[in-house]
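Subject: The structure we talked about

Hi,

Here is the structure I promised to send over. Have a look at it first, and then read on for what turned up in it.

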Amino acid sequence: MLRRSVAAQTTALVVALVATVVLAGLAAAYVQARRAVTQQATTQVLAVAQSVAAEPDVVAGVRARDTSGALQALAEGVRLRTGTDFVVIMGTDRIRFSHPDPAQIGKTFLGHTEEALAGGTVLEDYVGTLGPSRRAVVPVLDGGRVVGLVAVGVSKGDVDELLSAELVPLAVAGTLAGLLGGVGAALIARRVRRQTRGLSARELQTMHDHHDAILHSVTEGLVLVDPEGRVRLANDEARRLLGLSSDPAGEAVAELGLAEPLVQAMTDEDAREDDLHVTDRRVLVLNKARAQREGEDLGSVVTIRDRTDLEELTGELGQARSLAEALRSQAHESSNRLHTMVSLIELGHPERAVAFATEELERAQHLTDRVVAGVEDPTLSALLLGKSAEAHERGVDLVIDPGLAWPAGAASPRDVVTVVGNLVDNALDAVTGIEGERRVELTARTVADRVELTVTDTGPGIPDALRELVLERGFTTKPSDGAGGRGLGLALVRHTVARLGGTLDIGAAPGGRVTVTIPLEVAR
């Protein structure tokens, strides 16, 4: 199949359109010119005929049927002065008294005279003794009575000559219009060729179909941002991840209601690689690269991936690791205690071995009873027992409020691990290694229709200047350990609490204090 580019097809269509318009215009102009020339000839012969018929000498000569040649002389004089081809004076019997060819005088006039004999006017094209002509026949009146007729005409050849003279400028105008149309078509083709890269319509259609299919099928969000910071394209996944309800094409990124750090990342000139952003609902990984073609800056290509579930699973994995470490520590301590008791028995102090074992069992059972009594959720109970063992190993005093109350179903197990686990981990990290008292306190109470969880620590706390930053971007001063990144704990907590319809409040330094409130009716 012959491949014709869109530019070539456009050129052909424009040329055909211009040619059609020019030809139609010329045809209309020709018809108009012919009508005008015919009307001009008609007006001329009618005016001459009426003027001759009104001459008193003509009226007298016709009434007297003068054959002396006076009427012939008068008619020829008028014909020569007016440039007409014939002036014929005749009686009511159509016998000529004058004619350009004297041999026709006395013979019958050829043409229609009925309306003129009735007092009207005849206007017609007729083939007479001088060939085709445009003629007018009018009555000669004497006291209101028709006594003769006057016929005046011009040759159709003369009319055609006048028409040919009118057609010359029309042809010139048509030629100029065609040339201008051709130049315009060439300019349009050049522009279309540049914009379509010389591709054919089928190629463009195929490219569009593939492009559209890819955009709707990829699992990553894709956003094209022009150099002015406006969205040129956003696929379905990008709209879902960014929480956009409609197609943002043509809108400025700054007007989409996104967080300022995310707007800056999408619109600045810096390249981005695996840039983490925490929104109210998601943890997003953003990559950005500049797009250029032949040195022209086309803007940026932004890809977005959802890392929310991965971060939550990473948090759960961290909790599992912490629990495993706590169990390992407990096993180590249990081994030491067992050796101590065996040694006391071997040394002959069985009563001291019993007292030692009883004291350790009471201490462990007391913590378990206190946690289980106030916490109906088994997931939270297991998590707190594990954190207590981890805190003991790290040399931190984890104090669990004796009045701790956390109803079952206040949150899903995953949400419990995300909220409580991250808050306790942050508090343990804050006090580990500091000088002085290292204590973390956890309280939870049910107040009216909500549950309030508060975690405090004796660490340095979060300065006022960083309080919003740690919530929006996941600020951290700790180095990355490669296991999912750092600085997302509070951001994940905030995301989870917001999804549950609750609130998160960070207290002022010194000392760390974070309070989370979750409505029970929403959680359940």
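This is a predicted model: local features need pLDDT of at least 70, side-chain atom pairs count only at pLDDT 80 or more; totals for chains, interfaces and linings use all residues.

A search of the whole structure finds 16 salt bridges, each being a side-chain nitrogen of Lys or Arg within 4 Å of a carboxyl oxygen of Asp or Glu.

Residues are numbered from 1 along each chain as its sequence is written, and side-chain values use heavy atoms, with hydrogens and water left out.

Salt bridges

Arg-65 pairs with Asp-93, with 3.1 Å between the closest N and O atoms. (Helices are DSSP runs of H or I with at least four residues, strands are runs of E with at least two, and both are numbered from the N terminus.) Arg-65 is partly exposed at 39% relative accessible area, and Asp-93 is partly exposed at 38%. Here buried means under 20% relative accessible area, exposed means over 50%, and partly exposed is in between, using a 1.4 Å probe and protein chains only.

Lys-288 forms a salt bridge with Asp-268, and their closest N and O atoms are 2.4 Å apart. This pair links distant parts of the chain, 20 residues apart: Lys-288 is in strand S8 (residues 283-293) and Asp-268 in the loop between H8 and strand S7 (272-278). Both Lys-288 and Asp-268 are buried.

In the salt bridge between Lys-387 and Asp-425, the closest N and O atoms are 2.5 Å apart. Lys-387 belongs to helix H11 (residues 378-393) and Asp-425 to helix H12, 38 residues apart. Lys-387 counts as buried at 2% relative accessibility, and Asp-425 is buried at 15%.

There is also a network of salt bridges linking Asp-125, Arg-134 and Lys-156.

Strand S2 (residues 122-128) pairs with S3 in the antiparallel sense over seven bridges; strands count as paired if DSSP finds at least two bridges between them. The two form a hairpin with two residues between them, and Leu-123 stands opposite Ala-136 in S3. S3 also pairs with strand S4 (residues 145-155), again antiparallel, over ten bridges. Leu-141 has Val-146 in S4 as its bridge partner. S3 and S4 form a hairpin with two residues between them, and Gly-143 in the turn has a positive phi of about 65°. S3 itself (residues 131-142) is mostly covered, with nine of its twelve residues buried.

Which residues of helix H8 (residues 260-267) are buried? They are Leu-262, Val-263, Ala-265 and Met-266. These four lie on the same side of H8, because they cover an arc of only 165° around the axis, taken from the directions from the helix axis to the C-beta atoms.

Gly-403 lies in the loop between S10 and H12 and is partly exposed at 37%. Leaving aside neighbours within four places in sequence, Gly-403 is in contact (heavy atoms within 4.5 Å) with Ala-444 and Arg-445.

Best wishes
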